[in-house]
Amino acid sequence: MTASEQDFLNNPLGKDTTLEDVLDGFELLEDWEERYAYIIDLGKQLPTFPDDARIEENYVHGCQSQVWLIHHYHEASGRLYLLIDSDAMIVRGLAAIILVALNGKAPRDLLATDIDELFEKLDLFRHISPTRGNGLRAMVGKIRDIAAAELAGKND
């Protein structure tokens, strides 16, 4: 099964589940045990990832877990849509947080988004292992590279 344009466009993360939803959810929860459960629940919203996309080209290096990322540039809207999957539930949740912040944005807007500020607001790096933090940075780095390549392609 290959991802269709609709698979990308129908991803609820960044559309139905927004950054404000996540920030509000974190604020309502009292402790990190509850926040971890919330992060895992967010990961359950990730759309099905196509098995045939689990290839080296889509693999995110630098993550402790196995993580794959694919994208679709929607010409009509000028927006970049993303699908991410991982074999680890907590990483799926962290990927969902990245998607609520970056999915469905124009490449220029995506590159201008201060994702580190979001991670700081959520206090993520103090509550996940350094290797998970490296994985988060690797996912964001790959997404930024994709956005930069799309932007460069539009300027040719």
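The model is predicted, so local features are described only at pLDDT of at least 70 and side-chain atom pairs only at pLDDT 80 or more, while totals for chains, interfaces and linings use all residues. Residues are numbered from 1 along each chain as its sequence is written, and side-chain values use heavy atoms, leaving out hydrogens and water.

Let's start on the inside. In soluble globular proteins, nonpolar side chains tend to be buried together. A nonpolar core here is a set of buried Ala, Val, Leu, Ile, Met, Phe, Trp, Tyr and Cys residues joined through side-chain atoms within 4.5 Å. Buried means under 20% relative accessible area, exposed means over 50%, and partly exposed lies in between, using a 1.4 Å probe and protein chains only. The largest such core has 42 residues, and those with the most contacts inside it are Phe26, Ile97, Leu124 and Met139. At least two residues each come from α2 (19-28), α3 (32-43), β1 (67-74), β2 (79-86), α4 (89-102), α6 (115-122) and α7 (130-154). These helices (H or I, at least four residues) and strands (E, at least two) are DSSP runs, numbered from the N terminus. Helix α4 supplies the largest share of this core, 11 residues. Apart from this core lies another one of 10 residues, including Ala3, Phe49, Tyr81 and Leu83.

Leaving out residues up to four places away in sequence, Leu124 touches Phe26, Trp32, Ile39, Leu94, Ile97, Phe119 and Leu136, where contact means heavy atoms within 4.5 Å.

Next, follow α2 to two of its partners. Two packed helices are described by the angle between their axes and the distance between the axes. The axes are lines fitted to C-alpha atoms over the stretch in contact, with angles from 0 to 180 degrees between N-to-C directions. Helices α2 and α6 pack at about 25°, their axes 10 Å apart. That makes α2 roughly parallel to α6; angles under 35 degrees get this label, those over 145 are roughly antiparallel, 65 to 115 roughly perpendicular, and the rest oblique. Leu19, Val22, Leu23 and Phe26 of α2 meet Leu118, Lys121 and Leu122 of α6. Against α4, the angle of α2 is about 135° and the axes are 8 Å apart, which means that α2 is oblique to α4. Here Leu19, Val22 and Phe26 of α2 touch Ile97, Val100 and Ala101 of α4.

Finally, turn to the charged side chains. A salt bridge is a side-chain nitrogen of Lys or Arg within 4 Å of a carboxyl oxygen of Asp or Glu, and the count comes to six. Asp51, Arg54, Asp85 and Arg92 are linked in a network of these bridges. Asp85 counts as buried because its relative accessibility is 7%, whereas Arg54 is partly exposed at 30% and Asp51 is exposed at 60%. Another bridge joins Arg126 and Asp123 (3.0 Å, N to O); Arg126 is exposed, with a relative accessible area of 66%, and Asp123 is partly exposed at 23%.
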